Amino acid sequence: MTEKLSDTARKTVLAPLLENGWAMVEGRDAISKTFKFKDFTEAFGWMTRAAFFAEKWDHHPEWANTYNTVQVTLTTHDVDGLSSLDAKLARKMDGL
């Protein structure tokens, strides 16, 4: 079972994500990022690729798509906050 990130893990795991454009969500133990693409097709293609990993890892993002923009929020509802799964999915999304 996944556990909420410890204070030590937060410093280690979240720092690189925050440096890469992810931000803490005010009022929640979550991170978010906005991804911009050339057009809707690229945005939707990226979402599709990300969805395969989310399903494989049984960890699904909160996200919204408007034309060429995808807004993503990651948190682990089972632990009511951030877990290693959020960091893992964030890194994968950055790499896609």
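Colleague: Okay, starting with R28: what does its relative accessibility make it count as?

Modeller: Keep in mind that this is a predicted model. R28 counts as partly exposed, because its relative accessibility is 36%, and the cut-offs for that class are 20% and 50%.

Colleague: And which side chain does R28 meet in a salt bridge?

Modeller: That would be E62, with 2.8 Å from N to O. The two sit in distant parts of the chain, 34 residues apart: R28 is in the loop between β1 and β2, and E62 is in strand β3, residues 62-66.

Colleague: What about E62, how much relative accessible area does it have?

Modeller: E62 has 28%, so E62 is partly exposed.

Colleague: How many salt bridges does the structure hold?

Modeller: Five. One of them joins the side chains of K4 and D29, at 3.9 Å from N to O.

Colleague: Which other residue forms a salt bridge with D29?

Modeller: R10 does, and the closest N and O atoms are 2.6 Å apart. R10 lies in helix α1 while D29 lies in the loop between β1 and β2, so this pair ties together parts that are 19 residues apart in sequence.

Colleague: Is R10 buried or exposed?

Modeller: Buried: R10 has a relative accessible area of 18%, and the cut-off for buried is under 20%. K4, on the other hand, is partly exposed at 42%.

Colleague: So which residues end up in one network?

Modeller: K4, R10 and D29, joined by salt bridges that share partners.

Colleague: Switching topic. What volume does the largest pocket have?

Modeller: About 170 Å³.

Colleague: Which residues line the largest pocket?

Modeller: M1, T2, D58, H59, H60, T75, T76, H77, D78 and L85. By type, the lining divides into two nonpolar, six polar and two charged residues.

Colleague: What's the phi of D80?

Modeller: Near 55°, which is again a positive value in a residue other than glycine. D80 lies in the loop between β4 (69-74) and α3, and D80 counts as exposed at 63% relative accessibility.

Colleague: New topic: the nonpolar surface patch. Which residues make it?

Modeller: F40, F44 and Y67 make that patch, and its area is about 330 Å². F40 lies in helix α2, which covers residues 40-56, and F44 is found in helix α2 as well.

Colleague: How accessible are F40 and F44?

Modeller: F40 counts as partly exposed at 38% relative accessibility. F44 is partly exposed too, with a relative accessible area of 46%.

Colleague: And how many Å separate the C-alpha atoms of F44 and L18?

Modeller: 24 Å, and the two are 26 residues apart along the chain.

Colleague: Last stop, helix α3. Where is A90, and is A90 buried or exposed?

Modeller: A90 is found in helix α3, residues 84-95. A90 is buried, with a relative accessible area of 0%. H60 is one of the residues that line the largest pocket.

Colleague: What about R91, where does R91 lie?

Modeller: R91 lies in helix α3, but R91 is partly exposed, with a relative accessible area of 47%.

Colleague: How far apart are R91 and P16 in sequence and in space?

Modeller: They are 75 residues apart in sequence and 9.3 Å apart in space, C-alpha to C-alpha.

Definitions and conventions:
Residues are numbered from 1 along each chain as its sequence is written. This is a predicted model: local features need pLDDT of at least 70, side-chain atom pairs count only at pLDDT 80 or more; totals for chains, interfaces and linings use all residues. Side-chain values use heavy atoms; hydrogens and water are left out. On a 1 Å grid over the protein atoms alone, a cavity is a set of points where a 1.4 Å probe fits but cannot get out, and a pocket is an open set with protein on both sides within 12 Å along at least five of seven lines; lining residues have an atom within 4 Å of a point. Grid points are joined across faces, edges and corners, and a volume is the space filled by probe spheres set on the points. Ala, Val, Leu, Ile, Met, Phe, Trp, Tyr, Cys and Pro count as nonpolar, Asp, Glu, Lys and Arg as charged, and the others, Gly among them, as polar. Patches are made of residues with over 30% relative accessible area and no salt bridge: like charges are joined within 9 Å, nonpolar side chains (Val, Leu, Ile, Met, Phe, Trp, Tyr) within 5 Å. Accessible areas come from the Shrake-Rupley method with a 1.4 Å probe; for residues, only the protein chains shown count as cover. A salt bridge is a side-chain nitrogen of Lys or Arg within 4 Å of a carboxyl oxygen of Asp or Glu. Helices (H or I, at least four residues) and strands (E, at least two) are DSSP runs, numbered from the N terminus. Buried means under 20% relative accessible area, exposed over 50%, partly exposed in between (1.4 Å probe, protein chains only).
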